[in-house]
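Have a look at the picture, then read on.

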Amino acid sequence: MMNEKKETLSELAPQNAAESTVSETDIVFDCPYCGKNLCIDYHGAGLMVPCPECEKRIQVPIPEGMEITDFDSSPEEVRVRLIHMREALIEAQSRLAEQQQELASLRERCMAFEQIFANIRETFRSVHEDSSRMKRDLALVSGSLERITKMAEEAIGESL
Ligand SMILES: [Zn+2]
């Protein structure tokens, strides 16, 4: 019965879970790229496989508690599995590096924005100072104007 496996490891491909009969030993998971619900024979655990929907290469999750011995693999299958695991690791490392780079550039942009905000705050503060000074000057001018008007009125009154 052990030899009844229909496919070799490299021929294993995930199926759309909604459109195929999911057996009890199948691994059901979502594509991390397009979110499609997929299923694959448990022998596919840890393998890099193409998503039938978006065609990106994705790693089949290894179910919790699954042991290497659960696969009853031949040496050839162990070799294939190791190659896939390594490919998945390299893929994960390159995605991590990409994300770190993105994070660094976000931090840079954030700092640039903070600088812009600091400049705007400084501009507002100096505009506010200018307008307070202008208000004080205006009060002085209008005070003088009042006094001059009063003096003029008195002078006119005296000459009448
Ligand atoms: Zn996909």
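What percentage of the 160 residues in the protein chain do buried residues make up? They make up 9%, where buried means that 20 or more other C-beta atoms, placed from the backbone, lie within 10 Å of a residue's own.

Before going further, two notes on the ground rules. This is a predicted model, in which local features need pLDDT of at least 70 and side-chain atom pairs count only at pLDDT 80 or more, while totals for chains, interfaces and linings use all residues. Residues are numbered from 1 along each chain as its sequence is written.

Now for the overall layout. The protein chain has 1 helix and 5 strands, and along the sequence they run β-β-β-β-β-α. Helices here are DSSP runs of H or I with at least four residues, and strands are runs of E with at least two, numbered from the N terminus. With a radius of gyration of 38 Å, well over the 15 Å that the globule rule gives for 160 residues, the protein chain is more spread out than a compact globule. That radius is taken over C-alpha atoms, and the rule is 2.2 Å times the number of residues to the power 0.38. The C-alpha trace spans about 130 × 30 × 25 Å along its principal axes.

The chain is split into two domains, with bounds from an automatic or database domain assignment:

| Domain | Residues |
|---|---|
| Domain 1 | 2-72 |
| Domain 2 | 73-135 |

Where they touch, 8 residues come from domain 1 and 8 residues from domain 2, counting a contact when C-beta atoms, placed from the backbone, lie within 7 Å. The C-alpha centres of the two domains lie 33 Å apart.

Let's zoom in on a hairpin. Strand S2 (residues 27-30) pairs with strand S3 (residues 37-40) in the antiparallel sense over 4 bridges; pairing takes at least two bridges found by DSSP. Asp 30 sits opposite Asn 37 in S3. There are 6 residues between the strands of this hairpin, and Gly 35 takes a positive phi near 80°.

The largest nonpolar core has 10 residues, among them Ile 27, Leu 38, Cys 39 and Ile 40. Such a core is a set of buried Ala, Val, Leu, Ile, Met, Phe, Trp, Tyr and Cys residues joined through C-beta atoms within 7 Å. S3 gives the most to this core, with 3 residues. Beyond its neighbours within four places in sequence, Leu 38 has contacts including Pro 14, Phe 29 and Cys 51.

Terms used
Buried ≥ 20, exposed ≤ 12 C-beta atoms within 10 Å, placed from the backbone. Contact = placed C-beta atoms within 7 Å.
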